Amino acid sequence: MSLELLVENARIVDGTGSPWFRGAVGVTDGTISHVRRAADHGLDAETRIDAGGSVVCPGFIDAHSHSDLELFADPTLAPKTRQGITTEILGQDGFSMAPLYDESAIDGWRERLSGLAGRLDREWGWNSIGEYLDEIERAGLAPNVATLVGHGTVRYEVLGMEDVTPTDADLEEMAGLVREGLEDGAIGLSTGLVYAPQTYSDTEEVSRLVAELEPYGQPFVAHVRSEGRWIWEALDEFIDVGAEHGVPLHISHFKLTGEEQQGKAERLLAQVEIARERGVDLTADQYPYTAGSSMLTSLLPPWVQSQDSTAIRETLADPERREEIRADVEEWRIDGWENVGGKTGWDRIEVTNLTSEGFGEEAGRDIASIAAERDSRPVDVLCDVLLAEDLEASMIAHGLIEPDVRAILRSDRVAIGTDGLFGSRPHPRVYGSFPRVLARYVRKENLLSLEAAIRKMTALPARAMGLDSKGVLRPGLDADLVVLDPAVVADRATFDDPEQHPIGIEHVFVGGTAIVREGTETGARPGTTIRA
């Protein structure tokens with residue numbers, strides 16, 4: 001029998017966590033047609049790949065991606081696909097690119113998200129989730145993508161960035177937008193309860209929107225309200241909402257931040273097990289680093305973030321308001337606010353994605369050092385950078401400890417995600433997350449078996465996100481494949497030199513079409529939009 005693609009002489013790691021076995025994988029019409037264990041498989045194909053004993057496994061699924069706009073600038077998404085990523089889950093942290101119908105507000109949304117998603121150098125050609133996915137299909141893309149519908153997006157559409165409580169009519173309008181997004185193909189609902197505008201929401205609002213997931217059985221994905229001082233209350237809120245509505249739950253970038261909570265990973269993981277004992281379907285994802293990354297504006301107190309962009313700039317330029325910002329951050333004056341600057345410290349927050357004449361050369365340096373060199377206060381550096389960069393700057397916050405990262409990584413409830421922001425001098429996780437797990441935590445430290453690690457990258461995120469045709473090497477499922485050499489695979493991206501592709505990822509296929517061949521992107525764009 002002649003197939004389109006045959007990967008033979010391979011160690012097959014099927015994604016389920018089962019032990020590897022030697023064999024061949026055949027592909028026809030973009031679908032896995034054969035998984036043969038016998039050496040004499042009797043198969044032939046138009047394209048034959050002799051794996052030479054390397055591993056073939058399902059394509060990796062980035063459980064937490066911020067490629068929502070980058071995919072239009074670089075449809076190959078090479079920093080991701082060169083890692084073996086074949087599917088991206090977009091619309092994270094409550095920030096989906098739709099639904100947005102208020103044309104006067106779209107420019108404001110684009111500006112507010114620039115530090116997270118970058119800027120789109122083209123017309124914003126959509127309003128609904130369905131139209132956004134259509135636009136991606138027209139552009140063409142190497143990997144597959146799916147999107148969540150964002151809590152922040154629907155709140156912004158109805159209420160703007162203001163710190164207000166929605167009326168019953170407002171809530172129903174927001175719920176209707178969530179329902180519309182799900183009908184258009186969104187695979188679930190996301191929120192980022194530390195970010196404006198969803199940080200202004202109460203549990204009742206969150207619960208009303210989550211209720212829209214019930215008929216669909218799709219996940220509620222959350223950056224919970226706190227990962228530091230108030231993390232236990234934040235987890236209780238999240239789990240209780242999921243239990244009330246009986247929907248799958250997924251925690252984004254599962255971690256403990258700030259000295260107060262560091263070292264409590266076992267307690268954190270116990271919360272997951274307790275939730276599952278209650279009958280709550282709870283999973284999580286993690287990036288394998290001790291530093292996070294986000295918009296630099298997220299360091300600002302909530303009262304600043306509730307303003308429009310013009311008012312924010314005026315606030316940042318006002319010396320008296322700067323003093324208020326400083327006091328709120330350094331003196332913890334706002335109860336319940338996830339104060340990233342306060343819990344991390346100015347000396348461990350690096351500014352990134354800088355292009356201005358005044359600060360472009362400071363990319364990668366911490367705020368405290370820049371302030372000392374300029375004989376300034378850290379809060380003044382923060383405000384000056386945001387003004388100079390037109391609010392588009394990002395940051396890297398070194399707020400985690402390695403023992404917690406390792407403990408969480410060992411959990412079989414936790415998938416892998418990059419949470420990677422593009423731009424100048426990004427976090428190394430944009431280029432290195434998946435190979436880092438395979439090199440450091442599998443080969444060098446034996447923290448995980450190869451099969452367990454690949455399950456975290458394939459079958460587990462596929463199950464968590466409801467991607468039934470992905471994540472496992474099985475006849476009838478999608479032919480998204482990775483061929484890698486487990487003895488060689490390694491990340492090369494570092495904080496000092498982050499834009500470095502990994503080694504050891506030999507071939508990557510999406511629907512049976514090579515998007516990476518012999519470690520280099522092919523330029524092919526066979527990816528599809530996944531619609532629930």
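Student: In which loop does Pro 197 lie?

Tutor: Pro 197 lies in the loop between strand 10 (189-192) and helix 8. Helices (H or I, at least four residues) and strands (E, at least two) are DSSP runs, numbered from the N terminus. This is a predicted model, in which local features need pLDDT of at least 70 and side-chain atom pairs count only at pLDDT 80 or more, while totals for chains, interfaces and linings use all residues. Residues are numbered from 1 along each chain as its sequence is written, and side-chain values use heavy atoms, with hydrogens and water left out.

Student: What is the mean pLDDT of the chain, and where is confidence lowest?

Tutor: The mean for the chain is 96, and 100% of its residues reach 70 or more, on a scale of predictor's confidence in each residue from 0 to 100. Confidence is lowest in helix 4 (residues 114-117), at a mean of 83, and highest in strand 6 (residues 60-62), at 99. Where pLDDT is low, the predicted coordinates should not be read in detail.

Student: What makes helix 8 oblique to helix 9?

Tutor: The axes of helix 8 (residues 203-210) and helix 9 (residues 231-245) come within 10 Å and cross at roughly 40 degrees. That makes the pair oblique, since angles under 35 degrees count as roughly parallel, over 145 as roughly antiparallel, 65 to 115 as roughly perpendicular and the rest as oblique. The axes are lines fitted to C-alpha atoms, for helices over the stretch in contact, and angles run from 0 to 180 degrees between N-to-C directions.

Student: What is the relation between helix 7 and helix 8?

Tutor: Their axes come within 9 Å and cross at roughly 40 degrees, helix 7 being residues 168-183. Helix 7 and helix 8 are therefore oblique to each other.

Student: Why is helix 9 called roughly parallel to helix 10?

Tutor: Helix 9 and helix 10 have axes that come within 11 Å and cross at roughly 15 degrees. That angle makes helix 9 roughly parallel to helix 10.

Student: Is the crossing of helix 9 and helix 10 left-handed or right-handed?

Tutor: That crossing is right-handed, a label used if the near helix is turned clockwise from the far one by less than a right angle, with anticlockwise giving left-handed. Helix 8 passes helix 9 in a right-handed crossing, and the crossing of helix 7 and helix 8 is right-handed.

Student: Why does His 253 count as buried?

Tutor: His 253 has a relative accessible area of 2%, and buried means under 20%, exposed over 50%, partly exposed in between (1.4 Å probe, protein chains only). The conclusion is that His 253 is buried. The residue lies in the loop between strand 12 (249-251) and helix 10 (265-277), and has a positive phi of about 35 degrees although it is not a glycine.

Student: Why is Trp 332 called partly exposed?

Tutor: Its relative accessibility is 22%, so Trp 332 counts as partly exposed. Trp 332 lies in the loop between helix 13 (319-330) and helix 14 (340-344). Its phi is positive too, near 50 degrees, in a residue other than glycine.

Student: Is Leu 148 buried or exposed?

Tutor: Leu 148 counts as buried, at 0% relative accessibility. Leu 148 is in the loop between strand 8 (144-147) and strand 9 (149-150). Its C-alpha atom is separated by 4.9 Å from that of Gly 188, 40 residues apart along the chain.
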